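Me: I have a new structure open and would like to go through it piece by piece. Can we start with the strands?
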Amino acid sequence: MKLALFADIHSNLEALQACLAHARSQGAERFAFLGDLVGYGADPAAVLDLIQTCAAEGAVVVLGNHDAAALGNLSETINDHARMAIEWTRTQLSPRHVEFLSGLPLIVHEANMTFVHASAAAPDKWIYVSDPLRAAYSLEATQASYVLSGHVHEQTLYYTGAGGRPISFVPTPGVPIPVGRHRRWLVIAGSAGQPRDGNPAACYAMLDNAHATLTYHRVPYRHIVAADKVRAAGLPERLALRLEHGD
Amino acid sequence: MVALPNPGDELDGFRIEERLYVGGMAVIYRVSSSAAEFPLVMKIPRLGFGEPGTSVIGYETEEMVLRSLSGPHVPRLVARGDIERHPYLVMEYISGRHLSDWLDHGPVGAEEVARLGVALATAVHALHRQDVIHLDLTPGNVLFRPTGEAVLVDFGLARHGHYPDLMAEEFVRPAGTAAYISPEQLFGVRCDPRSDVFAIGVILYELATGQLPYGSPRGAKALRRRLYRDPTPPRAIVPAIPQWLQEIILRCLEVDARARYSSAAQVAFDLSHPDQVNIGERGRRLRRDGRWKVFRRWWRAAGYEPAPCPEVSSQLSSAPIVLVAVAVEYTDELLAQAMRDAVRRTLASERDSRVVLATVISPVSFSGERTEEDTAANRRISGRVQLRHWAQPLRLPSDRVFCHVLESSDPADALVEYARLNHVDQIIIGASYPGLPLFGMPGATSDRVVSAAPCSVLVVRPTEKG
């Protein structure tokens with residue numbers, strides 16, 4: 001079964017729609033949303049409507065730090081621009097959206113997979129899994145072959161060698177990587193709604209559990225439209241520029 | 001522990017026949033299957049108590065890499081077992097000889113070394129083009145199909161440029177075969193395709209001289225000697241070895257990867273065109289460097305830093321072989337200028353490129369007379385003189401430009417065939433346009449080259465004025 005992994009969508013409707021369409025064209029049979037559905041972008045309500053529809057069809061959805069912040073749990077990891085965006089986001093959400101976000105789990109274990117926004121070692125601490133040591137902690141907290149997460153916006157794959165230490169690997173988009181189930185893998189899908197590696201194209205990843213392969217994708221989308229909407233909403237200019245330049 | 005099967009056993013539909021090979025990492029059996037279209041072998045890793053822990057990683061690596069590879073230079077992978085139950089790989093049985101068979105009877109003649117070397121380098125280039133570096137090339141890992149193509153086997157230490165490297169960090173100590181391992185591999189570098197070029201150099205040296213350039217050292221200190229102690233020049237061992245072959249071998253064996261050939265295709269090219277090899281001091285020397293020089297290199301080796309790793313396929317694309325098709329009998333200066341501009345632009349962006357200028361002459365003389373000036377040999381020489389003259393305004397260093405006169409009554413066919421045999425990455429050819437003989441004729445040379453070429457073709461036409 002092909003499972004499409006979307007992380008850090010950040011209220012970017014154009015990016016989400018483009019990723020969903022790409023994933024369907026690649027034969028995705030199921031979706032997982034790895035947190036930070038909202039924040040930064042201009043379309044929180046439409047994005048949540050879309051994800052709620054997917055959830056009703058069986059998609060996995062977990063909570064991210066921006067989602068928690070939108071519910072009122074502002075953590076220290078959130079910067080000023082993010083805080084302004086969160087305050088604006090709250091004004092856009094209906095009680096139905098709030099109810100949906102409030103019901104989201106921090107972590108989901110299913111078969112040989114663990115879904116979590118940040119580190120499986122402490123899902124509510126919003127730790128950035130940005131090096132092999134933190135990847136090791138996250139992997140140690142679960143038995144799953146695949147730990148599927150976001151929070152860090154750059155696409156990365158951590159794998160354990162026979163020595164047990166994780167090694168970080170930067171994937172090439174579009175290349176199916178063999179990810180044997182007998183090994184342990186920590187997948188950072190990359191940000192769909194706010195890429196930061198200098199390339200404005202949206203990120204997502206596809207796990208093919210039957211063939212044990214993982215493919216990272218980059219999807220171009222109408223990022224200028226998304227940036228203009230950020231400006232029109234009166235959100236900080238920096239957030240619009242980020243979408244335009246992908247940095 | 002996974003028990004090894006016995007002849008007569010059956011595993012996932014494969015009947016185990018005789019045991020062909022028992023090694024430290026794996027056991028190989030001949031197997032049969034009713035569905036098989038060609039002879040098969042099964043390779044089973046030695047896993048479990050008392051077996052080397054590296055063999056499982058080697059098995060996984062080989063499986064990953066073989067799955068990704070295609071073409072005549074690797075065995076076809078037919079089936080693989082579940083790593084947790086029965087790890088095995090079933091692949092095509094290669095019936096030909098091992099390269100090591102040639103080593104049984106002392107030094108091999110230069111022509112034969114070149115023939116074997118071209119086949120080997122062609123296979124290695126095919127691997128590099130698929131983003132894989134072998135990293136353990138030895139005469140035992142190279143076989144020849146009855147058709148003459150080299151087949152590379154044993155990918156347990158290989159590296160795929162787009163896959164996680166399972167070997168990384170597993171081997172703080174260098175992994176590879178002591179006699180053939182490159183200097184950078186001693187430092188754990190596993191991402192440079194030029195490491196395979198080094199191993200090709202060791203194999204060519206061994207074929208040509210019957211000796212190993214660095215022996216078979218044991219231990220880290222002995223292995224490091226190749227960083228500062230140059231091998232005995234092949235011609236000092238076998239005086240009959242021509243300078244061009246020594247030049248090629250010693251260039252492959254340069255300590256700094258950047259001083260070696262940039263690609264295996266360039267090695268194949270030089271081995272198949274000995275008359276075009278630019279022979280320098282490397283090709284002429286007859287003794288090893290003196291003590292003082294070696295001492296200085298030993299001193300510097302303490303601070304040896306491997307060359308930065310290029311990406312496998314991007315390394316190749318920055319080292320292309322560019323074929324420029326020049327019709328020397330038509331002197332169209334506008335077109336020639338436009339083509340030289342195109343060559344300049346290509347060279348400016350590709351730092352390690354080679355330019356091959358080729359022209360095609362008819363095998364029979366136009367006049368039909370066989371005067372002394374008109375023999376085929378003379379027309380070849382004259383063609384080369386004209387090609388050199390054509391390229392002169394480019395002011396290229398002589399080790400980057402090669403001239404070839406091809407003989408054929410069908411220029412398009414000759415160019416395409418040449419490009420295929422020499423791993424050409426791009427062809428630059430003049431368009432047919434008003435003013436050229438044969439303009440507008442169906443099947444003009446450039447059109448036919450475009451449709452049949454094994455690579456990109458740049459068709460050059462002077463910009464219209466006005």
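Me: Which residue is the bridge partner of A4(A) in β11(A)?
Reply: The partner of A4(A) is M206(A). Keep in mind that this is a predicted model.

Me: How do the two strands run there, and how many bridges join β1 of chain A to β11(A)?
Reply: They run antiparallel, and four bridges join β1(A), residues 2-6, to β11(A).

Me: What does β11(A) pair with besides that, and over how many bridges?
Reply: β11(A) also pairs with β12(A), residues 213-219, over seven bridges in the antiparallel sense. In that pairing Y204(A) faces H217(A) of β12(A).

Me: Is β11(A) mostly covered or open?
Reply: Mostly covered: six of the seven residues in β11(A), which spans 202-208, are buried.

Me: What about the turn between β11(A) and β12(A), how many residues does that hairpin have between the strands?
Reply: Four residues lie between the strands of the hairpin, and A212(A) has a positive phi near 50 degrees.

Me: Where do Y40(A) and H151(A) lie?
Reply: Y40(A) is in the loop between β2 (30-33) and α2 (44-56) of chain A. H151(A) is in the loop between β6 (146-149) and β7 (156-160) of chain A.

Me: Why does Y40(A) count as buried?
Reply: Because 29 other C-beta atoms lie within 10 Å of Y40(A), and the cut-off for buried is 20 or more. H151(A) also counts as buried, with 24 C-beta neighbours inside 10 Å.

Me: Changing topic. What is the strand order in the open sheet of six strands in chain A?
Reply: The order is β4-β5-β6-β10-β7-β8, with mixed pairing. At the edges are β4 (107-110) and β8 (166-169) of chain A, each pairing on one side only. From one strand to the next the twist averages 15 degrees.

Me: And how does β4(A) pair with β5 of chain A?
Reply: β4(A) and β5(A), residues 113-116, run antiparallel and are joined by four bridges. E110(A) stands opposite M113(A) in β5(A).

Me: Which helix packs on that sheet?
Reply: Helix α6(A), residues 132-140, does, touching β6, β7, β8 and β10 (185-188) of chain A. The direction of α6(A) makes about 120 degrees with that of β8(A).

Me: Now the core. Which residues touch the most other members of the largest nonpolar core?
Reply: That core has 191 residues, and those with the most contacts to other members are L5(A), F6(A), V187(A), A189(A), Y204(A), I200(B) and V324(B). Helix α2(B), residues 110-129, gives the most to the core, with 12 residues.

Me: What does V187(A) touch, leaving out residues up to four places away in sequence?
Reply: Its contacts are L5(A), Y146(A), V147(A), L148(A), S149(A), L157(A), A205(A) and L214(A).

Me: Over to chain B. How many helices and strands does chain B have?
Reply: Chain B has 14 helices and 15 strands. Of the 466 residues in chain B, 42% are buried. Among contacts in chain B between residues at least 6 apart in sequence, 70% join residues at least 24 apart.

Me: What domains does the assignment give for chain B?
Reply: Domain 1 covers 10-92, domain 2 covers 99-315 and domain 3 covers 320-460. The centres of domain 1 and domain 2 of chain B, taken over C-alpha atoms, are separated by 28 Å. Their contact takes 17 residues from domain 1 and 19 residues from domain 2. On the domain 1 side there are nine nonpolar, six polar and two charged residues.

Me: What is the strand order in the open sheet of five strands in chain B?
Reply: The order is β13-β12-β11-β14-β15, with parallel pairing. The edge strands are β13 (401-407) and β15 (456-460) of chain B. On average, neighbouring strands are turned by 25 degrees against each other, direction ignored.

Me: How many bridges are there between β11 and β12 of chain B?
Reply: Five, in the parallel sense, between β11(B) at residues 321-325 and β12(B) at residues 354-361. A325(B) stands opposite A358(B) in β12(B).

Me: Which helix lies across β12 and β13 of chain B?
Reply: Helix α12(B), residues 376-391, running at about 145 degrees to β13(B).

Notes: Residues are numbered from 1 along each chain as its sequence is written. Chains are lettered from A and ligands numbered from 1 in the order in which they are written. This is a predicted model: local features need pLDDT of at least 70, side-chain atom pairs count only at pLDDT 80 or more; totals for chains, interfaces and linings use all residues. A residue is buried if 20 or more other C-beta atoms lie within 10 Å of its own, exposed if 12 or fewer, and partly exposed in between; C-beta atoms are placed from the backbone. Two residues are in contact if their C-beta atoms, placed from the backbone, lie within 7 Å. Two strands pair if DSSP finds at least two bridges between them. Axes are lines fitted to C-alpha atoms, for helices over the stretch in contact, and angles run from 0 to 180 degrees between N-to-C directions. Domain bounds come from an automatic or database domain assignment. Ala, Val, Leu, Ile, Met, Phe, Trp, Tyr, Cys and Pro count as nonpolar, Asp, Glu, Lys and Arg as charged, and the others, Gly among them, as polar. A nonpolar core is a set of buried Ala, Val, Leu, Ile, Met, Phe, Trp, Tyr and Cys residues joined through C-beta atoms within 7 Å.
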